[in-house]
Amino acid sequence: MGNMLAVDPRDVVVPKLADLLHRDPYLNPHEREIRRRYGCFEGLLKQINAEEDGLEKFSRGYEKFGLHVNPDNSITCHEWAPLAQGLFLKGDFNDWNKLSHPFKKLEYGKWEIHIPASPDGSCPIKHMSRVKVGVLTPKDTMEDRLCPWATYVVQPPKHEGTAYQHHFWNPPPNERYTFKHPRPCKPASLKVYECHVGIATEEHRVGTYKEFTANVLPRILKLGYNAVQIMAIMEHAYYASFGYQVTSFFAASSRYGTPEELKELVDTAHSMGLFVLLDVVHSHASKNVMDGLNEFDGSDSCYFHGGSRGVHPLWDSRLFNYSSREVLRFLLSNLRWYLEEYKFDGFRFDGVTSMLYHSHGVGEGFSGSYNEYFGLNVDTESLVYLMMANHMLHELHPETITIAEDVSGMPALCRPVEEGGGGFDYRLGMAIPDMWIKLLKEKSDDDWDMGNICHILENRRYQEKTIAYAESHDQALVGDKTLAFWLMDKEMYTNMSKMSPPSLIIDRGIALHKMLRLITHGLGGEGYLNFMGNEFGHPEWLDFPRVGNQESYHYARRQWSVVDNDLLKYGYLNKFDAAMNKTESAYGWLSADPGYTSTRDEGDKIIVFERAGCVFVFNFHPSKSYSDYKIGVGASGKYKIILDTDAEEFGGHKLIDHNTEFHTENESFKNRPCSLMVYIPSRVAIVLAKCD
């Protein structure tokens, strides 16, 4: 199911395929394959509609599977364990009797148990009481498993061992959070603040949902971001996995608080007009058997491919079998759960490249040849799942945003499913941070290639939206360095005070930190992303407590005090980040057509481009400033400075007079109909806009 097509691909009708082929004629030789893929998607959708009473009901599997309280306070539980010989429910409710509550075997590997209400009419399984599923495996052994649909899973006290515990979450009505605010509208210019609740505190411990709601959401709003992307929400037994080794998919991580407190976080963000995105991991799952999905029914398959196809060669994790009806129910319902129960507004899909290819992208160069995207290496089952997920999400909530973490650049991945595309709204511009790190590591400032910088920033598929970012959580992790650390390194420990003597390293670092962000913001995509703390040049790297660092929280936190301290220079970078976002909100360049770059001068180290009526001018030269520097512009008139990286409030030298008016000449220059002259100092960028 998912990769087999019963009809000739030429007979498959893709509703808006003509639009796709017109937009990108290079896809014409692959029309048959695009039709075949769409035919597989359409065939699967028809099966679900015919056999499961429609996709809308199919994607609400969480209403049936797992533990549920009925109106009469009895309990019903359904599970899917196709190769198990028997299932038993046990817990505090039956004094952990292993055999007293057997499941009844149903068709298609499903199991059911019904437990009557207690004699006093109360629910037999109390709120927060512990439960487990006992599985009689194909090997005739009895193993304890966590319910795959568990909604609250807790790390036990040390004296009770290490196995995570499923606590039945069923609070009384007065303890359930009630949403008060509507979802915000989808932003036209998406500005994403990527964050992690656990490290959002300055203290040496795990942060909480409540602290994040009270302390971090106001910072995000003040900085001018309109979306929050939250990592590591789906429960993961190993904290240091950064949330990417998920063990319980339906359980919001208990290490930060309760499900109701996460709902309050999302609702509070909505009250501020912030879109809330969940970093979702459907590309793989933790190999952990004791706490996770792995070997739930006692076999090496169940939710995953059996054998080598079910194991990721680099991540040492399990790979889902997307051709299985019950796996599709589980994953689609998982998205629906966070959409409906927690009111998330969209998803960033992790590891999409790994899903799209049988090779998982390992060792792939992705030269850009279209044959790489339409050959046998493409995993049709995974692709069809992603198409189905995007179709479902956008049908249920048209305002939903989905983002693909894909480094391969697969054509049409971010075009609608009805065109034959993957259905994503955005992809991450993953080549951009790699470029900045490579420049800072390997090149002197004199050797920066202006043409290559522009090429990397502009190199994206036409009308497939990209989220640009100078750095994300990947660059902050131990083993790498943030841009601020690459730029200033150990000088950050001694020379970030405003009282410190002048430092050429700090001066260069602050100047370039702002410039790299601004050019990425302006030229790199249709959305922008920043990882929590990087906006102000957070010192040091990110490292979670683990055996290798003596379980230390020293690097698993955010040092907000350095940006709040008016005697330190971090505030300059923070203020610039806010000004950059708010200037974009006023002029809307992210939602405009891609920028037109008129100047890429290698000798002068100057880049000039226009977007949304704004003129961006960058001088990357380490020592040369230029007075009366001639640039081309597309519209005649009077211009003013709307953003200046060298402004005093951003830690600059205040070299440019902001009262200056720039008048165009009707003289074409650099293929632009008009021109004007600017003063552009070394390591400074300015943005101009018309003022008449």
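This is a short tour of the predicted model you have open, stop by stop. Local features here need pLDDT of at least 70 and side-chain atom pairs pLDDT 80 or more, while totals for chains, interfaces and linings use all residues. Residues count from 1 along each chain as its sequence is written, and side-chain values use heavy atoms, with hydrogens and water left out.

**Stop 1: the barrel.** Select β10, β11, β14, β15, β16, β17, β18 and β19: in that order these eight strands make a closed barrel with parallel pairing. Neighbouring strands in this sheet are turned by 30° against each other on average, direction ignored. (Strands are DSSP E runs of at least two residues, helices H or I runs of at least four, numbered from the N terminus; two strands pair if DSSP finds at least two bridges between them.)

Now pick out β18 (466-468) and β19 (527-531), which pair over two bridges. Which residue stands opposite Gly527 of β19? Click on Ile467.

**Stop 2: helices on the sheet.** Next, show α8 (380-396), which touches β15 and β16 (401-404) and makes about 165° with the direction of β15. (Axes are lines fitted to C-alpha atoms, for helices over the stretch in contact; angles run from 0 to 180 degrees between N-to-C directions. Contact means heavy atoms within 4.5 Å.)

**Stop 3: Ser472.** Go to the loop between β18 and α11 (473-476) to find Ser472. Is Ser472 buried or exposed? Ser472 is buried, with a relative accessible area of 4%. (Buried means under 20%, exposed over 50%, partly exposed in between, using a 1.4 Å probe and protein chains only.) Neighbours within four places in sequence aside, Ser472 contacts Glu194, Leu529, Phe531 and Asn534.

**Stop 4: helix α10.** Select 450-458 and show Met450, Ile453, Cys454 and Leu457, the buried residues of α10. They sit on the same side of the helix because their arc around the axis is only 95°, taken from the directions from the helix axis to the C-beta atoms. Their cover includes α9 (431-442), α14 (504-523), β20 (596-601) and β21 (606-611).

**Stop 5: the cores.** Show Phe212, Tyr303, Phe349, Tyr385 and Trp436: of the 186 residues in the largest nonpolar core, these touch the most other members. (Such a core is a set of buried Ala, Val, Leu, Ile, Met, Phe, Trp, Tyr and Cys residues joined through side-chain atoms within 4.5 Å.) A second, separate core has 19 residues, including Val615, Ile631, Ile680 and Ile686.
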